[in-house]
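Colleague: I would like to go through this model and ask what backs each label. Let us take the terms in turn.

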Amino acid sequence: MTYGATPLGLEGVQFRVWAPNLTELAVKFEGQSAVVCPMTRTGEDFEVLVPDARPGDLYTLVVNDRNRPDPVSRSQPRGVHGPSQVVDPESFVWSDHDWKGIPLREYIFYELHTGTFTPDGTFEGIVSRIRSLKELGITAIELMPIAEFPGSRNWGYDGVSLYAPHSAYGGAYGLKKLVNACHREGLAVVLDVVYNHLGPEGNYLAEFGPYFTGRYQTPWGRAINFDGPGSDGVRRFFIDNALCWLIEYHIDALRLDAIHGMFDFSAVHILAELGERFHEQAERLGRQTWIIAESDLNDVRIIRPRSVGGYGLDAQWHDEFHHSVVSYMTGIQRGYLGGFGRLEDIQKAIQEGFVYDGRYSAYRGRHFGSSSVEDPGDKFVAFVQNHDQIANTAQGCRLSELVSLERYKLAVALLLCSPYLPLLFMGEEFADTSPFLYFTSHTDPILASAVTEGRRMEYQEFQLAGEVPDPQSPETFRQSKINWALAGEPRHAAVLRLYRHLIALRKRWPCLANGRKDLTRVDIDEEAQWLMLDRRDPDGSRALLVCNFGPLNRRLPLDTRESDWQMVIWTGATTYGGNPDSPPPPANLSKSPGSIEVMIAASSAALYLQGRELSA
């Protein structure tokens with residue numbers, strides 16, 4: 001990084017700020033002397049070398065007689081309004097020199113919120129849980145945004161100091177320690193970053209340069225100026241931020257939040273430029289790294305190569321997998337779930353990808369989306385829960401609280417047997433009952449009131465009953481913490497076993513992990529409420545997931561012409577918390593001239609395999 005505060009050893013610290021809006025700028029140090037060092041303007045930059053400055057020093061930038069944090073501050077120990085701190089990025093001793101990353105097709109994501117994942121709510125707390133995540137089978141943890149935000153409680157999407165890991169979580173040192181520990185255990189680290197807006201409190205960027213534009217609008221704040229006058233420096237600011245996470249923090253992948261709020265009509269879209277620069281740097285470092293987009297556009301250009309007019313990103317979230325499964329399972333038809341609710345939607349979401357691929361959407365009032373049938377499954381991240389989708393119920397109910405345990409296990413089986421990269425949200429692996437609510441800790445009372453009212457209005461169409469919890473209340477935050485004690489209780493331990501076994505099978509059997517949608521077939525009977533998911537691999541292995549969503553035991557036709565089948569998982573088994581009186585499916589199916597009928601108990605799924613698994 002050439003901007004911000006750069007320690008130069010015995011020479012002192014070099015300060016550099018991009019500030020085309022200003023005619024003068026100075027660095028002010030905290031302490032008894034309160035030294036003020038004027039900066040020299042060169043073009044649009046201000047620079048000064050301070051010989052006596054050292055890592056750990058607190059400083060502010062004097063902007064029109066007001067003290068402001070450094071836009072490229074690496075540390076904000078006193079919050080978004082306080083002084084910045086000089087950090088030496090070379091001071092941390094890494095031990096992950098042999099870590100080169102893992103292929104994207106091997107990612108099994110685990111999304112978590114640092115503040116609520118453990119009782120102490122820190123990066124150090126996550127380290128204490130790494131071993132259990134590895135035993136679950138997770139290969140990558142995904143951190144919700146950790147850039148410095150106002151107060152100590154926030155989802156992270158109100159970040160304003162984008163280069164500074166949140167001080168209450170453990171700051172720069174704590175994040176590096178977490179990444180180092182993950183790599184030591186063979187886990188990749190994904191960081192959720194927000195490049196579509198900045199939070200409303202502590203956002204001082206506009207005083208320095210043309211970071212924002214009035215040409216576009218986002219639901220969360222002023223749009224970023226990626227294509228207007230002065231946008232070259234703005235683009236560099238965000239691209240440098242992505243590179244900072246890669247280089248200084250050894251992050252393996254970025255999840256770009258809501259890219260449909262990143263507006264750019266330049267010849268080279270900011271997403272394409274960011275992705276190219278990110279991958280070029282990763283190649284120089286000899287590491288496998290990835291960029292994954294969250295998008296509300298159903299637009300395959302996001303993941304298509306630049307050679308055919310795409311942005312060249314590596315993957316994108318598959319919201320419509322969630323919408324299809326959850327709407328069908330729960331019967332919820334509110335908001336954007338209103339256009340789903342049929343087995344045929346699940347069928348299309350698994351076989352093709354986007355359900356709305358150009359067809360008419362009543363929710364949007366127009367034809368919407370593009371076809372993703374030609375794009376492989378490992379270009380998409382699928383889930384049945386994530387931070388947004390849980391909190392969108394207003395009361396923060398998890399799927400395991402909205403449906404029976406048996407139906408919940410059906411959703412789990414669909415996710416982990418799908419051709420997509422699976423993502424779990426913290427606690428879902430043992431059916432945690434804690435809600436995940438929207439919480440903030442703004443210090444401006446007017447802003448705090450506006451956020452509370454805005455949240456209530458935004459999600460009133462999803463509200464199940466009662467009042468929307470107050471985001472500003474510390475109790476809202478406290479309720480959202482994971483209840484780890486539940487994982488040891490029989491009902492929840494049974495769900496945990498199912499997750500572990502399905503993930504282990506996915507890792508061992510190519511037919512479950514190959515991402516081949518073209519070798520995936522889904523058959524359904526809407527009226528009889530059953531679905532069969534058939535996955536194959538060129539090596540000859542094959543998986544068949546047979547799901548009975550109905551309230552009655554049902555005989556389903558299974559094709560046994562090609563070879564023998566062996567049942568490896570039945571969600572209704574007592575080991576997974578099933579009813580001991582439910583009739584189990586046959587454990588083995590021998591090769592026969594045609595198909596046979598197999599009894600599948602109500603609200604259960606059986607997974608059959610044939611062929612050869614990977615060697616240990």
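**Labels and their grounds**

Modeller: Thr 118 is found in the loop between H1 and helix H2 (123-127). Bear in mind that this is a predicted model.

Colleague: Why is Thr 118 called buried?

Modeller: Its relative accessible area is 4%. Buried means under 20%, so Thr 118 counts as buried.

Colleague: What does Thr 118 touch, leaving out residues up to four places away in sequence?

Modeller: Thr 118 touches Gly 125, Ile 126, Arg 129, Lys 481 and Trp 484. Thr 118 and Ile 482 are 364 residues apart in sequence, yet 6.7 Å apart in space, C-alpha to C-alpha.

Colleague: Where is His 113, and how do you know that it is buried?

Modeller: His 113 is in the loop between strand S10 (109-112) and helix H1 (114-117). Its relative accessible area is 1%. The cut-off for buried is under 20%, so His 113 is buried. Beyond four places in sequence, His 113 touches residues including Trp 155, Tyr 169, Phe 436, Phe 439 and Phe 477.

Colleague: What makes H11 and H14 roughly parallel?

Modeller: The axes of helix H11 (residues 405-416) and helix H14 (residues 490-508) cross at roughly 15 degrees. Angles under 35 degrees count as roughly parallel, so H11 and H14 are called roughly parallel. Their axes come within 10 Å, and the crossing is right-handed.

Colleague: Which residues make that contact?

Modeller: From H11, they include Leu 405, Tyr 408, Val 412 and Leu 416. From H14, they include Val 495, Leu 498, Leu 502 and Ile 503. By class, the contact has 11 nonpolar, no polar and three charged residues.

Colleague: Why is Gln 529 called partly exposed, while Ser 603 is called buried?

Modeller: Gln 529 has 27% relative accessibility. Ser 603 has a relative accessible area of 13%. That is under 20%, so Ser 603 is buried.

Colleague: What is the phi of each?

Modeller: Gln 529 has a positive phi of about 65 degrees, although it is not a glycine. Ser 603 is not a glycine either, and its phi is positive, about 50 degrees. Gln 529 lies in the loop between strand S24 (520-525) and strand S25 (530-536). Ser 603 is in the loop between strand S30 (595-600) and strand S31 (604-610).

Colleague: How many residues has the largest nonpolar core?

Modeller: The largest nonpolar core has 174 residues. Trp 245 is one of those with the most contacts inside it. A second, separate core of 17 residues includes Leu 104 and Ile 292.

Key:
Residues are numbered from 1 along each chain as its sequence is written. This is a predicted model: local features need pLDDT of at least 70, side-chain atom pairs count only at pLDDT 80 or more; totals for chains, interfaces and linings use all residues. Side-chain values use heavy atoms; hydrogens and water are left out. A nonpolar core is a set of buried Ala, Val, Leu, Ile, Met, Phe, Trp, Tyr and Cys residues joined through side-chain atoms within 4.5 Å. Buried means under 20% relative accessible area, exposed over 50%, partly exposed in between (1.4 Å probe, protein chains only). Helices (H or I, at least four residues) and strands (E, at least two) are DSSP runs, numbered from the N terminus. Contact means heavy atoms within 4.5 Å. Axes are lines fitted to C-alpha atoms, for helices over the stretch in contact, and angles run from 0 to 180 degrees between N-to-C directions. Angles under 35 degrees count as roughly parallel, over 145 as roughly antiparallel, 65 to 115 as roughly perpendicular and the rest as oblique. A crossing is left-handed if the near helix is turned anticlockwise from the far one by less than a right angle, and right-handed if clockwise. Ala, Val, Leu, Ile, Met, Phe, Trp, Tyr, Cys and Pro count as nonpolar, Asp, Glu, Lys and Arg as charged, and the others, Gly among them, as polar.
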